[in-house]
Amino acid sequence: PLPTQRRIVAKLDSLFARIEQMKSSMERIPQLLKAFRQSVLTQAVTGKLTEEWREGKELEEWKKANLGNLIIDTPKNGAYYHRSLYGTGTKIIRIDCFYDGKLKDWELVQRVNIDEKDKRIYKIENGDILINRVNSMEYLGKCLLVDNLLEDCIFESNMMRVIVNKTFLMPEYTRIFLISGKGLSELRKNAKQAVNQASINQQDIKAVEVVYPSLIEQQEIVCQVESLFAK
């Protein structure tokens, strides 16, 4: 009957309107999460995140130093191989393999057929940090903390490998600093612009000014950030 049809139409119009509102709200979630994560990272590298935790503890003051004074050896560029060599062999980390400082999926990491000499030169270890050195400005400087390696692995030429001196820095805290707004700003401050891309070199990486607390506070920061990110 027509009255029933009208009630059905009115009901569906109401439900569809609510669906559109929900869809609009859900589309905002990724941006809200991104803003939340950056807020956490900013508090982490400025000392605000551990402000209450520090009360009553005798800890060293936060320090500033260029990354070049906090790493072992000079940052090293990765290896370039022709696409014909890809498919079998040794795992190779590429820039599309990671996001927010962590590997997305080990199983999706490609393989490249190389000799033992190259494997020794470009092999990465747990605790190494890889930094993207050539990309659009939006992605320049994105980094990966190498951990949980399941087999031998090397890294691609558009990245640099940094090995932090664990006397001063935890690799996990270094990752947090480098993916924060402050860290990214430092990484990009000397970037060279070209058409559709930008680049940084080894000296630019070494010139990054790192702000860091004692190792025990670095450990607390890592724990709190991981806990908040998990939530």
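Which residues touch the most other members of the largest nonpolar core? Select Ile131, Tyr173 and Val225: of its 38 residues, these three do. (A nonpolar core is a set of buried Ala, Val, Leu, Ile, Met, Phe, Trp, Tyr and Cys residues joined through side-chain atoms within 4.5 Å; buried means under 20% relative accessible area, exposed over 50%, partly exposed in between, with a 1.4 Å probe and protein chains only.)

Before you go on: this is a predicted model, where local features need pLDDT of at least 70, side-chain atom pairs count only at pLDDT 80 or more, and totals for chains, interfaces and linings use all residues. Residues are numbered from 1 along each chain as its sequence is written, and side-chain values use heavy atoms, leaving out hydrogens and water.

Next, colour helix α4 (171-179). With 5 residues, α4 gives the most to this core. (Helices are DSSP runs of H or I, at least four residues, numbered from the N terminus.)

Now zoom in on Val225. Leaving aside residues up to four places away in sequence, Val225 touches Val40, Leu41, Ala44, Leu49 and Ile176 (contact means heavy atoms within 4.5 Å).

Hop over to Glu186 in helix α5. Is Glu186 buried or exposed? Glu186 counts as buried because its relative accessible area is 14%. Not counting residues up to four places away in sequence, Glu186 touches Ala207, Val208 and Glu209.

Last stop: Ile8, in helix α1 (residues 2-46). Ile8 has 46% relative accessibility, so Ile8 counts as partly exposed.

Methods: Helices (H or I, at least four residues) and strands (E, at least two) are DSSP runs, numbered from the N terminus.
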